[in-house]
Amino acid sequence: MTKKLIEVSIPLDLINDESAYDKMPGIGPHPKGLHHWWARLPLPAARAVLFASLVDDPSSHPDRFPTEEAQQLERTRLFGLMKNLLQKKIHTKPQAYRDALEEIKKHCNGELPTVHDPFSGGGSIPLEGMRMGLPVIAADLNPVAVLINKAMLEILPRFANHPPFNPDSKKKYHPDHKWTNAHGLAEDVRYYGRLINEDAKKRIGHLYPPVTLSDGRTVPVLTYFWARTVQCPNPACGCQMPLVGSFILKKRGKETYYVSPIIERNGKNSLKGFEVHTGEPEVKGTIISKSGARCIACNEVIAHPYIRQEGIAKRISHRLMAVSADTGKGRAYLFDPNQEQQILIEPKWIPEIPLAHNPKNISPPLYGMTSYDQLFTKRQLIAYDTLNELIIKLRLELTGENVNEDYIKAVVVFLSFAIDRLADFNNSLTTWKPSGEQQMHLYIFRQSKTTYSGQYRPLWISVRRRVQR
């Protein structure tokens with residue numbers, strides 16, 4: 001029986017190293033930037049597995065490789081082809097794919113096998129199969145996975161080398177300019193995304209009022225820092241205690257900014273607001289590992305079951321801790337009570353869709369958040385409502401402008417992906433990274449020994465970030 005290379009030997013260390021790099025954030029243009037997917041298979045691993053599954057191990061051909069030495073020499077040659085496939089920025093090295101495809105043809109009697117992936121998920125295997133030149137069939141039960149695969153495997157190849165049709169590109173580029181790969185489509189997505197941004201500013205910009213700095217300048221807000229609060233059960237206290245893993249807003253080198261709660265002690269304790277200071281805070285946070293939280297006013301330790309009961313009873317509230325503002329030369333951190341005012345208008349559409357209740361994987365229902373709309377602030381829902389309306393409006397405007405209808409749909413699909421990315425970063429459950437002064441998206445839960453005693457960030461740590469203007 002013929003054995004494939006993957007059944008005998010593959011360079012695991014090399015595959016692991018390149019897969020680790022592939023999983024790193026910020027490595028430039030990458031399919032993973034299209035849409036977040038859980039447990040995405042690293043692209044180098046997908047390439048290696050496909051290649052090693054399709055070429056024969058030399059031991060299967062004793063007539064050609066009669067000795068162990070000859071077989072090992074041939075394996076080394078095949079490993080060399082795999083090594084080329086595992087290079088960084090492989091999209092700039094098409095020869096590696098061509099060499100691999102030629103080798104696969106030799107082992108498949110000159111015919112290209114079809115790659116079938118019935119549970120394709122984020123699409124790593126079918127994408128790499130297609131880039132290698134193999135026919136692919138991808139399927140999944142999850143409609144999001146289907147859309148991700150359709151965008152990567154059908155839309156992008158169909159409109160490869162397609163010139164953009166937006167009016168700006170016609171002015172900026174010579175008529176003979178050659179548009180390769182998806183550059184033309186990307187140009188249109190950027191152009192119409194900017195138009196939508198400008199229109200959104202006009203419609204809902206008033207919901208994001210600027211702040212005034214100490215020097216009198218008025219500057220835009222970049223980030224809102226909110227803390228969920230729960231009433232301390234201590235009858236002698238009763239303070240609305242903030243549930244915060246870390247009060248630190250910025251920590252770079254010796255420069256540290258943090259917020260400090262202002263507690264008024266008059267009979268019963270009450271949380272009056274917050275102040276922004278520099279230096280190391282005396283109290284770094286109120287979350288105590290897995291035990292629960294500590295009241296900032298009376299030092300009482302509150303266990304998780306009480307906090308969950310309060311959430312189910314809809315008695316968890318929230319308070320603004322600080323805002324981050326764009327000074328033009330960096331960021332300023334300050335507390336502005338005017339930013340805490342309630343948004344009086346209502347979203348036109350509220351996603352009152354029930355959340356799956358699986359305590360192991362989906363924890364919001366444990367705290368009384370049972371539908372999707374409860375994961376967002378009212379202002380965030382208004383923003384998504386507005387952006388969705390503007391995308392629909394754009395599609396109607398473009399239809400009839402002598403442009404391929406399917407191409408218009410392609411532009412709309414990628415603009416819709418952008419809204420999904422915004423929802424990942426702009427909801428009431430995201431976290432803040434002080435060392436990078438950046439918002440961390442919802443589906444990354446990093447361990448932090450300095451901030452959360454090595455435990456995963458609890459659900460109630462809330463940093464609500466405005467939709468970028």
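Trainee: Is tyrosine 333 buried or exposed?

Mentor: The model is predicted, so local features need pLDDT of at least 70, side-chain atom pairs count only at pLDDT 80 or more, and totals for chains, interfaces and linings use all residues. Residues are numbered from 1 along each chain as its sequence is written, and side-chain values use heavy atoms, without hydrogens and water. Buried means under 20% relative accessible area, exposed over 50%, partly exposed in between (1.4 Å probe, protein chains only). Tyrosine 333 has 7% relative accessibility, so the residue is buried.

Trainee: How do the rings of tyrosine 257 and tyrosine 333 pair: stacked, edge-to-face or tilted?

Mentor: Rings of Phe, Tyr and Trp (its six-membered ring) pair if their centres lie within 6.5 Å; planes under 30 degrees apart are stacked, over 60 edge-to-face, the rest tilted. Here the centres are 5.8 Å apart. The planes stand at 35 degrees, so the pair is tilted.

Trainee: How many residues apart are tyrosine 257 and tyrosine 333?

Mentor: Strands are DSSP runs (E, at least two residues), numbered from the N terminus. Tyrosine 257 lies in strand 8 (residues 255-266) and tyrosine 333 in strand 14 (residues 331-334). The pair links distant parts of the chain, 76 residues apart.

Trainee: Which ring has the charged end of arginine 379 over it?

Mentor: A charge sits over a ring if NZ of Lys or CZ of Arg is within 6 Å of the ring centre and within 35 degrees of the ring normal. The charged end of arginine 379 is 4.2 Å from the ring centre. That ring belongs to tyrosine 224.

Methods
Helices (H or I, at least four residues) and strands (E, at least two) are DSSP runs, numbered from the N terminus.
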